[in-house]
Amino acid sequence: MHFIWPELLWLLLLIPLLVVGYIRALRRKRTEVVRYSSLDLIRPALGPGHRIRRHIPPALLLCALTLVLLGTARPSARISLPADYLTLVLAMDVSRSMLAEDIPPSRIVAAQQAAKSFLQELPGHVRVAVVSFAGNAQLVQGVTDQKDELLAAIDGFQLQRGTATGSGLLVALNTLLPESAIDLESVLYGAEFKSGSLVQGGGMAGRSLDQRPAPGAAESSKPVPVGSYTAGAVILLSDGRRTTGPDPVEVAKWAASKGVRVYTVAFGTPNGFIPGLEGFSFYAKVDEEALQKVAETTGAEFFRATNASDLANIYQHLSSKFTLERRDTEVTALLAALAGVLALLAMGLSMRWFRR
């Protein structure tokens, strides 16, 4: 919890002053006690616990006043609320290594089934785009809330040679943040990408990843806190190592500067094997280290799935995460309502016990 007007917290110094005033008032009353010949006459009238009960209404009023003073400082807390609007970009590896059968019937079929179940469980306010990547990357389905179109895009995956994980992440980010105008052509075809800049092969000075600086672009290009972008996220699934394209970790640094979280999933077992592909057999091992670094850099989570059940559980976890979002919400009204309840309770007890 933090406070929008923290300087008003100095008003809480009134609380100990009120406590001191209450104690002094009690001592003054003791000097004005009426003398009786015997205490037996008044003890039955007071009833049990009278000495404690007389302090309860003032204590409740003091708590109510404390909450009111806290409310004047406008407290704000980070709480989970239903997401109003969310865009997810699902970036999936479609390299030939997805033919490995260590996850039956194959990695690609298991991944497609889990992704489709994930899409079916998403609430209606979540829009999704689908990006596939192998030797290059492409947007196979733009942002939409039509699940039939998304399912058809996933069913239509075509496996290709190579694994350009960084290219897939760049296309996903360009889809999520179209206002950034990423110069994909320069990045993916001939320029080197390093820490958010393009460096041409001839040694030219680096220039910004943003293609067309618009009025006010300098302000919008300033880095923001990691993970602060709440309108969307990227989910990247890969089962191999990068063989071409930009380094995904460098791309992740740019994503982090925009506040975008990139959740990564390493899919496959260490002994994934593809027998007889085009006359050759080889092992398909996932680059967990790079995927972990991508998630860590962007303030997201890394997941490891070694079977279809693991992948389904991961997608289920992500589905629940994107249904609710954590955001800063002012809770002044809540404190005011609680203070009102305590004040009414104090008055009610005072009327019931002491008729005043």
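A residue is called buried here if its relative accessible area is under 20%, exposed if over 50%, and partly exposed in between, using a 1.4 Å probe and protein chains only. By that rule Thr 163 is buried, because its relative accessible area is 5%. Before going further, keep in mind that this is a predicted model, where local features need pLDDT of at least 70 and side-chain atom pairs count only at pLDDT 80 or more, while totals for chains, interfaces and linings use all residues. Residues are numbered from 1 along each chain as its sequence is written, and side-chain values use heavy atoms, with hydrogens and water left out.

Let's start with the whole protein. The secondary structure comes to 13 helices and 14 strands, where helices (H or I, at least four residues) and strands (E, at least two) are DSSP runs numbered from the N terminus. Of the 356 residues, 40% are buried. The accessible surface is about 19400 Å², and carbon and sulfur atoms own 57% of that; these areas come from the Shrake-Rupley method with a 1.4 Å probe, and for residues only the protein chains shown count as cover. Take the contacts (heavy atoms within 4.5 Å) with a separation of 6 or more: 80% of them join residues 24 or more positions apart.

Back to Thr 163, which is in the loop between H6 and helix H7 (165-176).

Now for helix H6 itself, residues 147-155, whose buried residues are Leu 150, Leu 151, Ala 153 and Ile 154. Seen down the axis of H6, these fall within an arc of 160°, so they line one face of the helix; the arc is that of the directions from the helix axis to the C-beta atoms. Their cover includes strands S3 (86-93), S4 (126-133) and S5 (137-144), along with helix H5 (107-121).

S5 also holds Val 143, which counts as partly exposed because its relative accessibility is 31%. Setting aside neighbours within four places in sequence, Val 143 is in contact with Thr 87, Arg 127, Val 128, Ala 129 and Thr 175. Val 143 and Leu 176 are 33 residues apart in sequence, yet 8.4 Å apart in space, C-alpha to C-alpha.

What about the nonpolar cores? A core here is a set of buried Ala, Val, Leu, Ile, Met, Phe, Trp, Tyr and Cys residues joined through side-chain atoms within 4.5 Å. The largest has 37 residues, and Leu 88, Phe 267, Leu 311, Tyr 315 and Leu 318 touch the most other members. Elements giving two or more residues to this core include S3, H6, strand S10 (262-267) and helix H12 (308-323), but the largest share, 7 residues, comes from H5. Leu 311 shows the links well: beyond four places in sequence, its contacts include Ala 110, Ala 111 and Ala 114, as well as Leu 237 and Phe 267. There is also a second, separate core of 28 residues, which includes Val 89, Val 171, Trp 254 and Leu 291.

Ser 319 is buried because its relative accessible area is 6%, and, leaving out residues up to four places away in sequence, Ser 319 touches Phe 118, Glu 121 and Leu 122.
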